[in-house]
Structures are given as C-alpha cells and as structure tokens.
Amino acid sequence: ICSGNGLAMSALYPEMRFSWEIKSVDALFCNGLTRFGDLSKEGILQAIKDHDLRFLQDETNLPLLSEKKFSKECVRICVKETRQMKNIEDLLDFFLVANNETRRNVTGLIKEAINSSVKVAHDVLVIGILEYLQSDKKN
C-alpha cells in the first residue's frame with residue numbers, strides 16, 4: 001500500500017482530522033520502526049498549534065513533558081503559534097504543579113516564553129507573561 005500504488009496508509013482512515021495523526025499512521029506503516037515517543041511529541045506539538053491543551057490532562061504525557069528541552073519547545077510553539085495568553089498561562093500553570101522535575105524548569109520556561117514573545121514582536125504577550133511572573137505563582 002505504501003510504495004506499490006502510491007497510496008498512503010492514512011488514506012484508509014478518512015476520519016483522521018489532525019495532520020499528526022495522518023503522519024503518525026503513515027510513518028508507522030511505511031517507514032518501519034518509528035519511535036513511539038517521537039509520535040507523541042509530534043502529536044503534542046500539533047495539539048498546541050491546534051489550540052488544544054487537553055493532552056495536559058493525560059498522565060501518560062508527563063514523562064515527555066518533564067523533558068527540559070521538549071518542555072521549552074512546547075512553550076516556544078505555544079507562544080509562536082497560538083499567541084494567546086490563556087494557552088500560555090495554562091501551559092505554564094501545568095509545569096508549575098505537574099511534578100518536581102517540571103517545577104524546577106519553570107523559570108527557564110518563563111524566560112523562553114518571554115524570549116519567544118519578543119521574537120514575534122507581540123507586546124501584549126510580553127506584558128502578559130511579565131504580569132504572570134509578577135503574580136508569583138511559584139511560591
């Protein structure tokens with residue numbers, strides 16, 4: 001199905017609505033061994049782009065979200081793609097309470113949020129993140 005007739009495996013599943021679902025199925029069936037963690041990371045990033053933060057409620061995502069580098073990428077994508085203070089606050093709030101590992105990284109994540117909002121030249125977000133920081137939720 002993958003190479004013979006040019007059809008993607010995901011073409012068999014038209015009910016898939018997210019691009020990450022389609023890519024994940026195609027990767028799984030057409031590229032041999034694909035790491036499950038990579039599919040989950042791609043799915044989380046796509047969900048952020050889609051303004052859907054429900055993945056924060058699923059405890060199975062906690063190990064991925066505890067990775068310092070990946071959590072920074074999540075914050076960066078949230079700022080650049082959504083540009084919505086509510087989403088940024090929800091993401092940072094999650095990192096504050098999820099576990100000790102994510103809590104240790106919060107200062108760096110807030111810095112990442114500020115840097116990303118400066119890079120996209122969004123003054124309202126910069127001010128919003130600074131106000132979030134001022135609210136002193138870390139204590």
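Modeller: Let us go through the terms one at a time.

Modeller: This is a predicted model, in which local features need pLDDT of at least 70 and side-chain atom pairs count only at pLDDT 80 or more, while totals for chains, interfaces and linings use all residues. Residues are numbered from 1 along each chain as its sequence is written, and side-chain values use heavy atoms, with hydrogens and water left out.

Biologist: How many helices and strands are there in the protein?

Modeller: The protein has eight helices and zero strands. Helices are DSSP runs of H or I with at least four residues, strands are runs of E with at least two, and both are numbered from the N terminus.

Biologist: Why does glutamate 59 count as exposed?

Modeller: Its relative accessibility is 70%, and exposed means over 50%, buried under 20% and partly exposed in between, with a 1.4 Å probe and protein chains only. Glutamate 59 therefore counts as exposed. You will find glutamate 59 in the loop between α2 (36–49) and α3 (62–65).

Biologist: And what share of the protein counts as buried?

Modeller: Of its 139 residues, 40% count as buried. Phenylalanine 94 and phenylalanine 95 are both buried.

Biologist: What makes phenylalanine 94 and phenylalanine 95 an aromatic pair, and why is the pair called edge-to-face?

Modeller: Rings of Phe, Tyr and Trp (its six-membered ring) pair if their centres lie within 6.5 Å; planes under 30 degrees apart count as stacked, over 60 as edge-to-face and the rest as tilted. Here the centres are 5.4 Å apart and the planes make 70 degrees, so the two rings pair edge-to-face. The structure holds one aromatic pair.

Biologist: How do you know that α5 is roughly antiparallel to α7?

Modeller: Helix α5 (residues 85–97) and helix α7 (residues 106–119) pack at about 165 degrees, with axes 10 Å apart. Axes are lines fitted to C-alpha atoms, for helices over the stretch in contact, and angles run from 0 to 180 degrees between N-to-C directions. Angles under 35 degrees count as roughly parallel, over 145 as roughly antiparallel, 65 to 115 as roughly perpendicular and the rest as oblique, so α5 is roughly antiparallel to α7.

Biologist: What angle do α7 and helix α8 (residues 123–134) make?

Modeller: α7 and α8 pack at about 165 degrees, with their axes 8 Å apart, and are therefore roughly antiparallel to each other.
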